[in-house]
Structure formats: structure tokens, C-alpha cells
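Visitor: Could you walk me through this model before I set anything up with it?
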Amino acid sequence: MGPASHLSKPRLSLLIGSSIMLVGLLGLGFYLLHKTFQEQRADLDLSSKSPRVENEATFAMATMQGVIARMKEQERELTGLRRAAEQRERESTRISENIIREMPSGLMVFNRQGFITAANPAVRTLLGVDTWSRRRYPEILGADSSLATQIRECLETGKTTTRETIEYTTPRGDVRLLGMSLSSFHGPGGEVDGAVCLLSDLTETRQLQEQIRLKEHLAALGAMSAGIAHEFKNSLATISGYAQMLRDGKLSYSDHEFAERIVMEIRSLTRVVTDFLAVSKPLQLTASQVSPKEILLHSMEDLQRVADFQQVVLKFEGEFAPVEGDEVLLRQAFSNILRNACEAQCPQNDGGSIVIRGETFRRGGEDFLRILVSDAGKGILPTDRDKIFVPFFTTKPSGSGLGLALVQKIILSHGGLVTLESSSSQGTTFAMVLPLAHKF
Ligand SMILES: Nc1ncnc2c1ncn2[C@@H]1O[C@H](COP(=O)(O)OP(=O)(O)OP(=O)(O)O)[C@@H](O)[C@H]1O
Ligand SMILES: [Mg+2]
């Protein structure tokens with residue numbers, strides 16, 4: 001009897017059923033596994049360009065090789081980029097070094113302890129120093145030199161200095177005028193880590209400026225001498241003419257009349273000489289608190305003694321705070337401004353009027369008085385406006401051209417300013433500013 005003969009019929013049916021189910025399940029599992037594998041392979045085929053493979057091992061190997069090839073390619077690209085960056089860095093370092101080496105300005109770098117860590121050749125020439133190594137700045141620049149003082153302050157407080165002019169004496173005793181800029185640099189914690197100093201030689205520039213100033217002085221002196229010579233020549237010609245008439249006895253008027261003309265010419269010459277001296281020599285101020293309004297009134301009274309100006313009316317506006325000044329000199333200045341204003345409107349039948357406006361203002365922590373003197377005269381031609389303060393510039397037949405130069409000199413000596421505020425054919429306004437505080 002076979003083994004089946006030992007099994008009952010229901011148990012045999014159960015065995016057969018279970019076997020069929022097991023085979024079905026195995027088939028299903030294999031199918032699902034195959035499908036998943038195919039899908040994964042399809043994905044890999046889409047995303048990579050690796051060659052198609054016969055089996056999974058070959059496929060995995062090929063994928064791996066593709067990845068390795070790509071990584072190698074990227075590594076080559078990265079190496080290329082790194083080399084280019086290094087090349088660029090070398091190039092810019094070379095350019096910076098060349099610029100620093102060749103630049104005419106001196107460049108010095110100090111560390112926190114004050115040791116000079118870098119300096120270009122221009123610094124050596126400017127400061128006349130050859131060696132820097134292991135030396136601190138006071139040792140090289142002199143502990144008390146203004147350059148060392150500024151560097152100390154910068155390293156201690158981080159103070160930045162921009163384009164300051166300092167004097168420096170080289171170890172050989174040459175005095176140099178240096179333009180200096182100094183700035184600190186900082187560590188990660190914000191503490192001063194060192195300083196950079198930029199120096200330029202201004203010695204030659206200063207010498208050139210002085211030469212130009214000297215030339216300008218000589219030119220001004222030439223112009224003034226020419227002006228005074230002209231005045232003298234005219235007056236002397238008149239005096240000589242009348243004196244000859246007196247000598248030759250060709251007198252149609254009384255002798256007294258000719259003598260009077262000679263005296264008038266000599267007076268006018270004396271005024272020119274006095275004004276000229278006042279313009280050219282330094283003024284000695286005897287200052288006290290004075291009232292500008294009163295001085296203006298007195299100056300006008302003096303002027304009105306001259307017949308032509310008697311009709312001129314003076315009008316005051318605004319406020320006139322007292323200033324600290326020299327009464328005699330201010331009277332001279334105000335007289336010249338007022339005389340010009342009177343002369344400008346002299347042809348008017350009623351003599352015209354002069355408006356004087358006073359206003360105080362504050363600037364830079366100081367108080368000032370501005371006096372505006374306006375006339376209704378013929379005005380100043382635009383082409384003459386920048387010449388009116390030049391000594392001996394005049395448009396008047398009998399003027400010496402020293403009035404405004406003297407006004408400017410007096411007002412400047414008081415720490416003030418005089419300007420032509422405006423001018424047209426309707427009139428002219430001059431502005432004089434005088435400080436109210438004690439500042440000369
Ligand atoms: N208020 C004014 N109106 C018109 N022109 C003026 C006035 N003030 C000055 N000027 C012009 O400026 C010139 C120079 O004036 P400045 O007082 O220096 O000399 P001047 O009056 O000509 O001679 P001086 O004052 O020496 O007798 C004058 O000749 C004139 O042309
Ligand atoms: Mg004048």
C-alpha cells in the first residue's frame with residue numbers, strides 16, 4: 001500500500017489545496033519581484049546614460065563606473081577652477097605689490113605693539129630711514145615727533161586722521177612737510193590690531209605756493225606803485241603848471257587863487273599817501289565797545305560838510321548791536337562806503353537817500369552784526385565788480401581807487417568781512433559783517 005493509502009480523503013484534499021496555494025503565492029511573489037526590478041532598471045536607464053546591461057551585477061558595475069567617471073570629470077573641473085582662482089589671486093597680489101612699491105606716496109603698516117610690519121620704498125625716501133626690522137615707531141620716527149604722537153594716539157584709541165599736514169625732521173636734519181592720513185584696523189573682538197599710515201611729500205608744493213604768493217605780492221606792489229606814481233604825476237603836473245604861471249607873472253586871477261589850487265592838489269596828494277600807507281602797512285587796533293550806528297552818523301555828518309552831499313538822507317532800519325572795534329578806523333571805513341554811496345547818486349537833484357540796515361546773526365557759535373548800505377545810484381558794471389577792491393582801481397576822474405581797499409583792510413582787521421551784496425542800474429548794496437564777540 002502506497003503512502004496515500006494511509007491518508008484519509010479529506011486530509012488529502014487539504015494537502016493538495018495547500019500545495020496549490022503555496023505554488024500560487026510563490027508565483028505571485030516572483031512576479032512582483034520581477035516587476036519591481038524591471039521598474040528600477042527602467043528608472044536607472046532614464047536617469048543615466050550608462051550602457052544597457054545583461055544582468056544586474058554588470059548593470060550595477062556600469063552605473064558605478066558612470067558615477068566614478070562623472071566624479072572624476074567634476075574633480076578635473078574643480079582643479080581647473082582652483083588653479084584659475086590661484087592665478088587670479090597671484091596676479092592681483094602682484095599688481096597690488098607693484099602699485100605699493102612704485103607709488104610716490106609712502107605706506108607704512110604697524111602692528112598693535114607698534115612694530116613696523118611693512119613699508120614701501122617711498123617711505124624710506126620720505127622719512128630718510130633705511131632699516132625697519134624689529135624696530136618700533138618711536139625709535140625710528142623720534143618719540144616726540146608729531147608723526148609718532150599721531151601713531152601712538154591711533155594705536156591707543158583707534159583715532160583716524162585724514163590729510164593732516166605735519167612737519168617732520170629726517171635723521172639728517174632736513175625738514176619735510178608731510179601730508180598724512182592714518183587709520184586703524186581691528187581684530188575680531190573689535191580691538192585695535194594695528195594701523196596704516198599714508199604719507200605724501202608736500203615740501204615742494206609748499207615752496208611752490210610760497211613762490212606764487214611772493215609773485216602775487218610783487219605784482220600787487222607793482223600795481224600799487226604804478227597807481228601811486230600816476231596820482232603823483234597828475235598832481236605834480238597841476239602844481240607845476242600853477243607854479244610856472246606864478247613864476248612867469250602870467251596871472252589873470254589873483255595870486256591867492258593859484259596858491260589855493262596848489263594847496264588843494266597837495267591836500268589830495270597827502271590823502272593818497274595816507275590812504276596808501278593805511279592800505280599797505282599792518283593796522284594797530286585800539287579796540288573798545290563801540291556803537292556802529294553812532295559811528296555811521298558821525299561819518300555822515302563829516303561827509304555832509306561837503307556841499308554836494310548835504311541833501312543826502314540817511315535812513316536806518318533794523319537793529320545795531322554794539323561791536324568791539326577801533327572807533328577811528330571804523331569811522332574811516334564807514335566814511336569811504338558812505339562817500340561812494342553819495343558819489344554814486346550825487347547827480348540826483350534831491351541828493352538821494354542811503355538806507356542802512358543792521359541785523360545780528362549767529363554762525364559757528366559766534367554772534368555777528370551785518371550792516372547793509374544801499375544807495376539808489378547808477379550801480380557798478382558787471383565787468384568792474386571783481387576789481388573794485390583792488391587798490392587804485394577807480395572809474396572816477398578824481399578818485400584814487402584806494403577807498404574800498406582801505407575798507408576791506410579795516411574790516412578784515414576786525415575779524416569781519418566786506419562784500420558787494422548786489423548792484424544794478426537801480427542802486428548798489430555793500431554788506432559789512434563785524435563780530436560782536438571779542439575776536440580779532
Ligand atoms: N556805491 C557805489 N556805487 C557805484 N560804484 C561804486 C560804489 N562804490 C564803489 N564803486 C566803484 O568802485 C570803484 C572803487 O571804489 P573806491 O572807493 O575804492 O575808489 P574811488 O571811490 O574810485 O576813489 P577813492 O575812494 O579812493 O576816492 C569806484 O571808482 C566805483 O567805480
Ligand atoms: Mg571811494
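What follows is a short talk about the chain, its core, a helix pair and a loop.

Guide: This is a predicted model, in which local features need pLDDT of at least 70 and side-chain atom pairs count only at pLDDT 80 or more, while totals for chains, interfaces and linings use all residues. Residues are numbered from 1 along each chain as its sequence is written, chains are lettered from A and ligands numbered from 1 in the order in which they are written, and side-chain values use heavy atoms, with hydrogens and water left out.

Visitor: OK, how many helices and strands are in the chain?

Guide: The chain has 10 helices and 12 strands, taken as DSSP runs numbered from the N terminus (H or I of at least four residues for helices, E of at least two for strands).

Visitor: And what share of the residues is buried?

Guide: Of the 440 residues in the chain, 31% are buried, where buried means under 20% relative accessible area, exposed means over 50% and partly exposed lies in between, with a 1.4 Å probe and protein chains only.

Visitor: Which residues touch the most other members in the largest nonpolar core?

Guide: They are L330, F334, L338, I354, I356, I371 and M432, in a core of 44 residues; such a core is a set of buried Ala, Val, Leu, Ile, Met, Phe, Trp, Tyr and Cys residues joined through side-chain atoms within 4.5 Å. The helix that gives the most to this core is α9, with eight residues.

Visitor: How do α8 and α9 cross?

Guide: The axes of α8 (residues 292–304) and α9 (residues 327–344) come within 8 Å and cross at roughly 55°, which makes α8 oblique to α9. Axes here are lines fitted to C-alpha atoms, for helices over the stretch in contact, with angles from 0 to 180 degrees between N-to-C directions; under 35 degrees counts as roughly parallel, over 145 as roughly antiparallel, 65 to 115 as roughly perpendicular and the rest as oblique.

Visitor: Which residues of the two helices meet?

Guide: With contact meaning heavy atoms within 4.5 Å, the α8 residues include I295, L296 and L303, and those of α9 include L330, F334 and L338.

Visitor: Switching topic, where is G187 found, and is it buried or exposed?

Guide: G187 is in the loop between β4 (175–186) and β5 (192–201), and G187 is buried, with a relative accessible area of 12%. From C-alpha to C-alpha, G187 and R112 are 10.0 Å apart in space, although 75 residues apart in sequence.
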